[in-house]
Amino acid sequence: MSTWTVMVNAANVRSDATSGSMVAFRAAVLHNAAKVFLWESVCYLSKLEACGMPVEVKPRFVVLYGSQKGQAQSIAEGIAEEAEQHGLVADLSCLNETTKYNLEKENDPVVFIVSTTGDGEPPDNALQFVKRIKRKALSTDHYKHLCYALLALGDTNYANFCNCGKTIERRLQDLGAKQFYATGYADDGVGLEVVVDPWLEGLWNAIRGALSKMASDRTAHLKANTEDSAEETPDSSTPDVQISLLRITDHQNCESVGAAVETDSKFACAASSVASVVSDLRPASPAGSIGLASQCHGTASIPTSAPKTQAGDVGVPHVVLAASLTCSLPPLSESSLNVPALPPPYLDVSLQEADTIEQIVGPLNKETLHEVPVSKAVQLTRGDSVKTAILLELDISAYPMMTYQPGDSFDVFCPNRAAEVDNMLSRLGLQDQRNHLVNISLRKDTKKKGAQVPSYISQNISLLFLLTWCLEIRGIPKKAFLRALVEHTGDSVQRRRLQELCSKQGAADYNLYVRDPSLSILELLTAFPSCSPPLSLLIEHLPKLQPRPYSAASSCLTHSGKLHFAFNVVEFPACTGRPVGRRGLCTGWLFDLINPSPVFPGKAESSNSPALPKIHVSLRPNCSFRPPSDPSVPFMMVGPGTGVAPFIGFLQQRAEERQKNPEGVFGETWLFFGCRHRDRDYLFREELEGFVSSGTLSHLKVCFSRDDREDEESAAAQPRYVQHNLLLNSQHVTDILLRQNGYLYVCGDAKNMAKDVNETLLEMIKTELQVDQLEAMKRLAGLREEKRYLQDIWG
Ligand code: FAD
C-alpha cells in the first residue's frame, strides 16, 4: 500500500455523497494540504468510483475565441469538444459573451483563439474585449493571476499579420498574465494547419502542466493560509476551498489513472478502417502500380512522359500513375493515417411540404440592403487581354441616404449559380423537394459545445432559397468536413482517399488538390460519386454565403445619384477535380447579368429598351481610407489593375474641389499604376490622362509588365511593376512621407503587390534615413499608426 495525494478543484466536483461525507472529505482535504501534487494522480469519476469514492472530477480550463469568418470559432469549438477525451472540461465562450466568463477572477488556464481581419483589426466579436484590455487605467498586475495560451490566426498576404492576437498577447503580458504555452501564429496564406495542427497537438500537455502548476501554487498558498489559521475551526474555512486534496490509499485501484490521462486523442486514429483499406490498396503483386491503378477511380492522370510500359511478370503493362484528387500514391496510399476526430453532428433538419411558401427573391435582410439598377456597363479591357475588367454604374438615385465618400466600398449580394444549386439538389436527391420548407433545430443529444442553429438561416425558407442565398456552396471543404463526409461514402477506395485528404499525413495533398485550386464541395462530390451526405451535414459545415465588397470608383460629387465600381472577372482554370474552368461566383454572376451586351451606355431608358438588371447592395463605409482632410497635404496612390478603382473616386473629388476653390492650395498628387499591356488593359486611361492635363493629378507613373522591351539595355531600365516605379522616384516618395507629412495609399492585390510595395518602402526608408531594417520597420509602423500609410487590399 502506498499513499497517493490527489488534488481536485472543488468547483468541478460533483458528488453523490451526503453533505456529511462531503464535510469529511473537505476536512481530509485540508489536513492533507501539504502533500505534493502530481498530475498523473488526478482521478476521474470512474477511477474514483473504483476506489469507492463516487466523485466526478474534471479539471477545467477556459477557451475564448474572437472570430470573423468562423475559423477561429471552429478551432475553439474543436478544442472544447476534444477536452473530454483528455479528461478535462472546457468552458467555451466568444469574447463578446461577457456574462459567460470573468477573466478578473479566472483561476484556471485560459486558451485564446483569435483571428485578425481587415487592416489588422480584431474581429467584430472581439472588438470590445480588445478595447477593454487596452484601457490605460488597468494596473500592471491586473491579470497577474491569469495563465494563458494564445493561437493567433492571420494571413501574411495582408499587412499587420496576426495583429489582433499580438495586441491581446501584448496587453495580457503588460497586465501581468503568464503564458503557459508558446503562442502560435497561423498563416492562412500558406495554410493555417501548418501551425494549427502541431500547436493543438502540444496544447493538451501544456494545459496539464499549467493545471498542475497553478494547483501546486495554490496548494502552497493554501498551506500557508492553513498554517496561519491553525487556530480557526476547519469548518469555518472549508466552504471557500477552491483546491482540495484527497488522500487515496489504495494504489492498486488507481494505478491506471496516469495512463488514461496520457492518452492523446486529438487525432482519433482511424486504425481499424484504415488498416482494412490499406490492405485493400496494397498491390497484390510486386508490380504494384497496376494494383493501385485499379483502385483509383475518376481521372487519375498518366503523365505522357512517364515510361508507360515495361514487360511485367505477367505481361501486363506497368503504368506509372500520377496522384490526383481521387488517387494517391505510396507512401501516402500505404501509410497509416491520423485523421481528425469526427465532428459531432448537431442539427436536425427536416423538409416539410408547404402549400403556399412565399417565393422570396433576393437576399433576406432587406432593411440594410438596397436593390439598385445597373445603369451602365463598360468593358475596360480589350477582348484579347488576359483578364476581363468591367466597369458598372449603379443608379442609386432612389436612395438619397446612400451617400458615399471616396475610399468607401459596398457589398454586392449575389446568389449561387442556378445550375450549381440544381446540381446540388440532384446530388442530395432532393430535386422534388426544392420548394419544401426547411425546418432546422438543434439535436437534443449533440456533443458539440456551443452548438447553435446558424443565425443566418431564417425560418420559413425553402430548400431552394437556402441553397441559393444562404450557404456558400462554392466553399472549399475544410478537413473536418472531409472527415464527416467519410461517414457518408460507400466506396472503400473513395473513403480511404477522403481520409487521406483530411489526415495529417495527407496535408500536402489537401493543399494541392483542394485548397490551392479552391475546389468547391460540389466539385468534390462529383469526383467522389459514392459520397452522399445528408442536407444537415452541408448546413453544419458550409459557411454563410458572404457578400462581395467592391471599392467605389467614383465620387458622388461628379456622378450624382450614381455609384461606379470596377472588377476583374475571376477565372478558376480547369484542374484535377474540375474538368471545366469556372468564373468567380460574384464576378461571374455580374458578367452574366450584363450579357449578351457587356457594353451598354447609360442612356435614359426608353420604352422599348430592355429592363435594366438590378442587384442588391449595401454600403460599407471605410473611415480611414480617405483622401487627406487637408487638401494642401501631398498624397500618393499605388493602385495597379482594378486597384486603381478607389483612386478614380479620390481624383474625381479632388477635381471638383479644385473647381470650386480655384484659389485653394492643393498638395501634389501621385498615382502609380501598372498593368500588363499599354493597349489592352490600361484601365481608365483617358480619364487618368485627363486628370493630368487638368492638373488634378500631378504625376502619373505607369508601367507595363508584359509589353516587349525594345532592347535589353532599355528593358533593364524600365520599370515593370509599381514598386519599381516607386523606387525610381524614391527621393520624392520618402520626402513626401517622412518630411512633408504626406500620405501613401495602396489598393489591390494582397498576395504579391501589397507585400512587394511594403518591402520596397522599407528599402527606401533604410537608404534614405541610413537606418537598419528594424528601425525602418518601426518608421513604417509609425506611418501606419498615424494613418498616413493606408492599405485597401484583397485577393
Ligand atoms: P469567388 O468565387 O469568391 O472566388 C474568390 C477566390 O478567387 C479568392 O479566394 C481568391 O483565391 C481567388 N481570386 C483570384 N483573383 C482574385 C481577385 N482579383 N480578387 C479576389 N479573389 C481572387 N475586387 C475587384 O475586382 N474590385 C474592387 O474594387 C474590389 N474591392 C474590394 C474591396 C474590399 C474591401 C475587399 C475586401 C475586396 C475587394 N475586391 C475587389 C475583391 C472582391 O470582393 C471579390 O473577392 C472578387 O471580386 C472575387 O469575387 P468572386 O465572388 O467573383 O470570386
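Predicted model: local features only at pLDDT ≥ 70, side-chain atom pairs only at ≥ 80, totals over all residues.
Me: Which residues are the closest to the ligand, and how many surround it?

Reply: The ligand is surrounded by 20 residues, and the closest are Arg548, Pro549, Tyr550, Cys586 and Thr587. By type, the shell divides into 9 nonpolar, 7 polar and 4 charged residues.

Me: Which elements each supply at least two residues of the shell around the ligand?

Reply: They are strand S17 (548-551), strand S18 (562-568), helix H19 (585-594) and strand S26 (789-794). S17 gives the most to this shell, with 4 residues.

Me: What makes helix H13 mostly covered?

Reply: Of the 8 residues in H13, which spans 463-470, 7 are buried. Those buried residues are Leu463, Phe465, Leu466, Leu467, Thr468, Trp469 and Cys470. Their packing partners are strand S12 (347-352), strand S15 (409-413), helix H12 (418-427), strand S16 (437-442) and helix H18 (535-541).

Me: Which element gives the most residues to the largest nonpolar core?

Reply: The largest nonpolar core has 50 residues, and those with the most contacts inside it are Leu325, Met424, Leu466, Leu485 and Leu524. Several elements give two or more residues to this core, among them H12, S16, H13, helix H14 (479-486) and helix H15 (492-502). H13 gives the most, with 6 residues. If we leave aside its neighbours within four places in sequence, Leu466 is in contact with Ile457, Ile461, Leu471, Leu535 and Ile539. A second, separate core of 33 residues includes Leu92, Cys94, Phe180 and Ile207.

Me: Why is Ser536 called buried?

Reply: The relative accessible area of Ser536 is 17%. Buried means under 20%, so Ser536 is called buried. Ser536 has its place in helix H18, and, leaving aside its neighbours within four places in sequence, Ser536 is in contact with Leu347 and Val349.

Me: How do you know whether Ala508 is buried or exposed?

Reply: Ala508 has a relative accessible area of 55%, and the cut-off for exposed is over 50%. Ala508 is therefore exposed. Its place is in helix H16, and from C-alpha to C-alpha Ala508 and Val194 are 9.9 Å apart in space, although they are 314 residues apart in sequence.

Me: Why does Gln770 count as exposed?

Reply: The relative accessibility of Gln770 is 67%, and because exposed means over 50%, Gln770 counts as exposed. Gln770 is found in the loop between helix H25 (753-769) and helix H26 (773-785), and its phi, near 55°, is again a positive value in a residue other than glycine.

Me: Which kind of peptide bond joins Pro330 and Pro331?

Reply: A cis peptide bond joins them, with omega at about 10°. Pro331 has its place in the loop between helix H11 (289-295) and strand S11 (338-340).

Me: How many helices and strands does the chain have, and what percentage of its residues is buried?

Reply: The chain has 26 helices and 26 strands, and buried residues make up 49% of its 795 residues. Among contacts between residues at least 6 apart in sequence, 79% join residues at least 24 apart. The accessible surface of the chain comes to about 36800 Å², of which 51% belongs to carbon and sulfur atoms.

Methods. Residues numbered from 1 in each chain as written. Heavy atoms only, no water. Near = heavy atom within 4 Å. Nonpolar A, V, L, I, M, F, W, Y, C, P; charged D, E, K, R; others polar. Buried < 20%, exposed > 50% of the residue type's maximum accessible area, 1.4 Å probe, protein only. Contact = heavy atoms within 4.5 Å. Areas by Shrake-Rupley, 256 points an atom, 1.4 Å probe, with all protein chains shown as cover. Core = buried A, V, L, I, M, F, W, Y, C linked by side-chain atoms within 4.5 Å.
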